[in-house]
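These notebook entries record what I looked up in the structure shown below.

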Amino acid sequence: MPRPRTLDDDALLDRARDLFWRKGYTATSLRDLTSATGLSGAALYNRFGDKAGLFREVLRRYADTGLSAERLPRLSALADPCAAITGFFTELLVLSLAPDLPSGCLLINTALDGGADEPETRTLVRDRLSEVEAFLRDQTGRAMQARLLPGDADPALTAEALFGAVLALRVLARLDPNPARLRRMVEAALTPLGLSLPTIPQY
């Protein structure tokens, strides 16, 4: 008889991601993972070491596919750094309200639900979220050089404030995904820079 096909790593990680994203790291059991992936606990641990090892690979793939490989490089390539900033927040707002996705950001959720208590996971979450702050700092610096932002703006401090708005948006979207309220939150962060959001779909 032919041997049954097994999931490749990407498909397996995507199934585990959806489970961790819905339930959180702490509440996701080995039984949940074996049911979602169709693999035994021994097979999962053989491939990833343990639950924490599997989760870190899930987080890496989540960040790679959602940030590093697509969104941040695409927006960074825009000629207008202000468009890069507003485009980032526009896409983030749409994602935060998408009805077909689990609520919140998996990286931020991990920091909130205890998944980042393990040092290696905490470092991973911090480093990948730092990519967002670095993107905002780079775009703010570009906008300052082009004199597109107020002259007294400090790129590092502005990036910190915008990054704080990112965290607040994703947490509030998890708790109370009210479209008007979330948009007001983003507008409040952008208005001091003379920026505003375009009209976007409301859910």
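I began with packing: the buried residues of H10 pack against helix H6 (81-97) and helix H9 (155-175). The model is predicted, so local features need pLDDT of at least 70 and side-chain atom pairs count only at pLDDT 80 or more, while totals for chains, interfaces and linings use all residues. Residues are numbered from 1 along each chain as its sequence is written, and side-chain values use heavy atoms, with hydrogens and water left out.

Helices here are DSSP runs (H or I, at least four residues), numbered from the N terminus. I took buried as under 20% relative accessible area and exposed as over 50%, with partly exposed in between (1.4 Å probe, protein chains only).

**H10.** I listed Pro-179, Leu-182, Val-186, Glu-187, Ala-189 and Leu-190 as buried in H10. Seen down the axis of H10, these buried residues fall within an arc of 160 degrees (taken from the directions from the axis to the C-beta atoms), so they line one face of the helix. The face turned away from the buried side carries the exposed residues Arg-184 and Ala-188.

**Thr-121.** I located Thr-121 in helix H8 (residues 119-145). Thr-121 counts as buried because its relative accessibility is 1%. Leaving aside neighbours within four places in sequence, I found Thr-121 in contact (heavy atoms within 4.5 Å) with Phe-55, Arg-56, Leu-59, Thr-110, Gly-115 and Ala-116.

**Phe-88.** With the same exclusion of neighbours within four places in sequence, Phe-88 is in contact with Arg-71, Leu-72, Leu-75, Val-132, Phe-135, Leu-136 and Val-166.

Methods
Helix = DSSP H or I, 4+ residues; strand = E, 2+ residues; numbered from the N terminus.
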